Every structure is written in structure tokens, then in C-alpha cells.
Amino acid sequence: DPANPHPEGKAPVIVDAGDMIRERAAIIVWLTERYPSDLAPNAGEKGRGPFLSWLAWYAGVMEPVAILDYLKIENEDLKATFRDLPTAIRQVEAALKDRSYLLGDSYTAADLLIAADGIRSSGQRMNRMIAQLLDFSRIRSGRASVVKSRSVPSRPSTASRTLPPTR
């Protein structure tokens, strides 16, 4: 799409008041700062450091090893730098050993980011990790946004609108 402002023509990208935000972790930081909620600790709050660390770990470790694994690329120098997918999965599993989510008892955008990346993977261990991070029975029931949404009258669906053809 020639109108895509991303310098590499990729998605996702957000443009706000002339500022471009690209890359998933940066977009999550921008969104959670722009629209504060229980999905991320605010600057200065307990848990902010681990939250940012998980986002950086995702971009610097999880995403590269998932891509290398998908492409079946094995190289000792890459493994020494990034580790491998089983090691990355073990790190997330270790973080979830005694708690429900990466930061403890609260579901955050870090859980969403890491679980969403794993959805593209077909590995059984990855799928168990995703299931734990995306346990919607725990997530949905008590979230303030879900409780509030139950009181909002439903609107007719716009899903049946006809979209213009793509070129």
C-alpha cells in the first residue's frame, strides 16, 4: 500500500499528530501510556520495570527465536545471542510457574503480546503457554472493562456492510 507511512511498508504503524509509532512493543507502550488502564503499570508504579522488560524481551529474544525456529535456521552464533525457542518458552513457563500472568495476578499487555506471538506457532509447548496466558475465564470475569461493557446496550452489527473491492 503506497499510503502506508511505515518506512518499510509494514504493519503495524500508528501516526498520531505527525509522530509515527511502529513495532509492536513500542505501540503497546504508546497505547498504554496514551490510554492508561489496568493493562500496564504507569511510570513510577510497581511492576513498570518488569512490564517494560517483558516487552523488550519479546522484541529482542522471543520474536527473533520464533522466526528462526519457523524458518528452521540453526546457527551457534545466533543461538548464543538469542538462545532458541525452547529456551524462550522455558523462560516464560518459569515466570508463570507460581502465578497466573507475567506480572503476577494481573493480566497485562505484555501477556497479550507474548501470547499473540505464540498463536502463530504450532508447537505443543508453545500452545500450553498461550493457553495459560490467554485463559479467558480468568481474564474476562473480573476486568473492569468487561463488567462495564455488560451494562452497555448492544448495537446492531456492522459486519454485514459491503466493503469496496480491493485493487
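1. Let me start with the overall picture: of the 167 residues of the protein chain, 30% count as buried, where buried means under 20% relative accessible area, exposed over 50% and partly exposed in between (1.4 Å probe, protein chains only). Please keep in mind that this is a predicted model, in which local features need pLDDT of at least 70 and side-chain atom pairs count only at pLDDT 80 or more, while totals for chains, interfaces and linings use all residues. Residues are numbered from 1 along each chain as its sequence is written, and side-chain values use heavy atoms, with hydrogens and water left out.

2. On the fold, the protein chain has 8 helices and 2 strands. Helices (H or I, at least four residues) and strands (E, at least two) are DSSP runs, numbered from the N terminus. Read from that end, the order of the elements is β-β-α-α-α-α-α-α-α-α. Among contacts with a separation of 6 or more, 47% join residues 24 or more positions apart; contact here means heavy atoms within 4.5 Å.

3. Now to the packing of α1 on α2. Two packed helices are described by the angle between their axes and the distance between the axes. Helix α1 (residues 24-34) meets helix α2 (residues 48-70) at an angle of about 155 degrees, and the axes are 9 Å apart. The axes are lines fitted to C-alpha atoms, for helices over the stretch in contact, and angles run from 0 to 180 degrees between N-to-C directions. The two helices are therefore roughly antiparallel, given that angles under 35 degrees count as roughly parallel, over 145 as roughly antiparallel, 65 to 115 as roughly perpendicular and the rest as oblique.

4. Which residues make that contact? From α1 they are Arg24, Ala25, Ile28, Val29, Thr32 and Glu33, and from α2 they are Arg48, Phe51, Leu52, Leu55, Tyr58, Ala59 and Glu63. By type, the contact of α1 with α2 has 8 nonpolar, 1 polar and 4 charged residues. In this count Ala, Val, Leu, Ile, Met, Phe, Trp, Tyr, Cys and Pro are nonpolar, Asp, Glu, Lys and Arg are charged, and the others, Gly among them, are polar.

5. The largest nonpolar core holds 23 residues, and Trp54, Trp57, Leu102 and Ile114 have the most contacts inside it. Such a core is a set of buried Ala, Val, Leu, Ile, Met, Phe, Trp, Tyr and Cys residues joined through side-chain atoms within 4.5 Å. Two or more residues come from each of α1, α2, α4 and α5 (109-119), and α2 provides the largest share, with 9 residues.

6. The aromatic side chains deserve a look too, with 3 aromatic pairs in the structure. Rings of Phe, Tyr and Trp (its six-membered ring) pair if their centres lie within 6.5 Å; planes under 30 degrees apart count as stacked, over 60 as edge-to-face and the rest as tilted. One of the pairs joins tryptophan 30 and tyrosine 35, edge-to-face at 6.3 Å centre to centre with 85 degrees between the planes. Tryptophan 30 is buried, at 18% relative accessible area. Tryptophan 54 and tryptophan 57 also form an edge-to-face pair, with ring centres 5.2 Å apart and planes at 85 degrees. These two residues of helix α2 are 3 residues apart, so about one helical turn separates them. Tryptophan 54 is buried, with a relative accessible area of 11%, and tryptophan 57 is buried with a value of 11%.

7. Two further buried positions may interest you. Valine 92 sits in helix α4 (residues 85-95) and is buried at 0% relative accessibility. Threonine 108 belongs to the loop between α4 and α5 and is buried at 2% relative accessibility. Leaving aside residues up to four places away in sequence, threonine 108 touches Leu39, Phe51 and Leu103.

8. Glutamate 23 lies in the loop between β2 (19-22) and α1 and is partly exposed at 42% relative accessibility. Lysine 72 has a positive phi near 60 degrees. Lysine 72 is in the loop between α2 and α3 (76-82) and is exposed at 69% relative accessibility.
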